[in-house]
Amino acid sequence: MEMLDLFAGAGGWDHAANQIPEIDNVLGIELEKYMCQTREANGLRTEQAEISLLDPNYYPSDILVASPPCQGFSKQGHGKGRLDKDLVYQYADDINAGLDTKNDLFPQLQDKRSLLVVEPLRFVIGTKPKYVAFEQVPYVKELWEYFAEIMENHGYHTWVENLEAEEYGSPQTRKRAILMASTEKEVKPPTKTHQKFLKSEIKRGDLGVLPWVSLEDRFPERKGWFYQAGARKRAALRNSTEPAPTIAFGYDYNNHGWVKDDQFDKLTEEEGLRFQGFPEGFELCGSKHSRFTQIGNAIPVELAKVILEELISP
């Protein structure tokens, strides 16, 4: 099967697909030059392009995945994109009606990236892939639910909910809004394989699933250390028997790292990649800020893999 990855980034979806024998051809489309360089350095098939300018008819696929930018729903930054939510929904309605109105809506945007989150829907309606998966931060769940209603009118079975990455073997508590859809079958979420992390719980193996993957499971050399996620007064601090908080970075990547007694070791790029499930020897390109951004923006490979496996299963 062929898979198209929109807003492909460093390739979390791609590396998951490469572990699934049924998926034998993956194309990632990405605009940002350093991310494209990273992909090419690691042998990932890539097209550098502005997705909003592409004709979906030239990109047929069996599987379409996307982790698009979401300025209209993000709680980060200055919030200009949140002023564009009505235009995002309008664009989705127009795409559903067979109208591509982004050039008309563009001058009204407060954040020029806001409509990009609708581009995967444009590709779905334009090419009708058999299987679809979208991923983003939890705030985007309401938009995925809206997309699901539209997609059901185009012959898709859909499922939308938040998934917790640690319940699928990732060593971090990363919640993500997921849309799964198929023209071939009813859709259900992947079966949970690991214990949900709760501060009030201990790591245990008697719940019918595996224990959560802790920091010291992934990083045995860090047993007895704490992981600190940034320099904020309320920055999350986890001990080595727990999963890390969400691995994500702004310009404070130098403040993420390991704490023991009076010692602080900055998180390395290699450790960040291990958190996200990337293979050993993965090469990052670009500035230091770009490299950490690529790590933090990726979907964890473990989560992407179980989503794809469930989606294409008979």
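Tutor: Let us begin with a polar contact of 2.4 Å, which joins the side chains of Lys203 and Asp217. Please keep in mind that this is a predicted model.

Student: Where is Lys203 placed?

Tutor: Lys203 sits in the loop between strand E8 (175-182) and helix H7 (215-218). Its relative accessible area is 34%, so Lys203 is partly exposed.

Student: Which residues does Lys203 touch, leaving out those up to four places away in sequence?

Tutor: Lys203 touches Gln195, Pro211, Trp212, Ser214, Asp217 and Thr241. As for Thr241, it is 38 residues from Lys203 in sequence, while the C-alpha atoms of the two are 7.6 Å apart in space.

Student: Turning to salt bridges, how many are found in the whole structure?

Tutor: A search of the whole structure gives 23 salt bridges. One of the pairs is Lys199 with Glu242, whose side chains meet at 3.1 Å, N to O. This pair links distant parts of the chain, 43 residues apart: Lys199 belongs to the loop between E8 and H7, and Glu242 to the loop between strand E10 (237-239) and strand E11 (244-245).

Student: Is Lys199 buried or exposed? And what about Glu242, buried or exposed?

Tutor: Lys199 is exposed, with a relative accessible area of 55%. Glu242, by contrast, counts as buried because its relative accessibility is 9%, and the cut-off for buried is under 20%.

Student: Which residue forms a salt bridge with Glu221?

Tutor: Glu221 forms a salt bridge with Arg274, and the closest N and O atoms are 3.2 Å apart.

Student: What does Glu269 of H8 pair with?

Tutor: The side chain of Glu269 meets that of Arg291 in a salt bridge of 2.7 Å, N to O. Glu269 is in helix H8 and Arg291 is in helix H9 (residues 288-297), so the pair links parts of the chain that are 22 residues apart. Glu269 counts as buried, with 17% relative accessibility.

Student: While we are in H9, is Ser290 buried or exposed?

Tutor: Ser290, which is in helix H9, is buried, with a relative accessible area of 9%. Not counting residues up to four places away in sequence, Ser290 touches Glu32, Tyr34 and Cys285.

Student: Let us change topic to helix packing. At what angle do H3 and H5 pack?

Tutor: Helix H3 (residues 85-96) and helix H5 (residues 119-127) pack at an angle of about 10°, and their axes are 10 Å apart. The two helices are therefore roughly parallel to each other.

Student: Which residues make that contact?

Tutor: From H3 the contact is made by Tyr91, Ala92, Ile95 and Asn96, and from H5 by Glu119, Leu121, Arg122 and Ile125. By class, the contact of H3 with H5 has five nonpolar, one polar and two charged residues.

Student: Which salt-bridge network includes Glu119 and Arg122?

Tutor: Glu119 and Arg122 are linked with Asp100 and Lys102 in a network of salt bridges.

Student: Why is H5 described as largely enclosed?

Tutor: Seven of the nine residues of H5 are buried, so the helix is largely enclosed by the rest of the structure. The buried residues are Glu119, Pro120, Leu121, Arg122, Phe123, Val124 and Thr127. They pack against strand E1 (2-6), strand E4 (63-66), H3, helix H4 (102-105), E5 and helix H6 (141-152).

Student: What follows H5?

Tutor: Lys128 follows H5. Lys128 is not a glycine, yet it has a positive phi of about 50°. It lies in the loop between H5 and strand E5 (131-136), and at 41% relative accessibility Lys128 counts as partly exposed.

Student: What is the phi of Asp261, and where is Asp261 found?

Tutor: Asp261 has a positive phi of about 55°, although it is not a glycine. Asp261 is found in the loop between strand E12 (256-260) and strand E13 (263-266). With a relative accessible area of 72%, Asp261 is exposed.

Key. Residues numbered from 1 in each chain as written. Predicted model: local features only at pLDDT ≥ 70, side-chain atom pairs only at ≥ 80, totals over all residues. Heavy atoms only, no water. Axes fitted to C-alpha atoms, helices over the stretch in contact; angles between N-to-C directions. Helix = DSSP H or I, 4+ residues; strand = E, 2+ residues; numbered from the N terminus. Parallel < 35°, antiparallel > 145°, perpendicular 65-115°, else oblique. Contact = heavy atoms within 4.5 Å. Nonpolar A, V, L, I, M, F, W, Y, C, P; charged D, E, K, R; others polar. Buried < 20%, exposed > 50% of the residue type's maximum accessible area, 1.4 Å probe, protein only. Polar contact = N/O pair within 3.5 Å; in protein donor to acceptor, adjacent residues only side chain to side chain. Salt bridge = Lys/Arg side-chain N within 4 Å of Asp/Glu carboxyl O.
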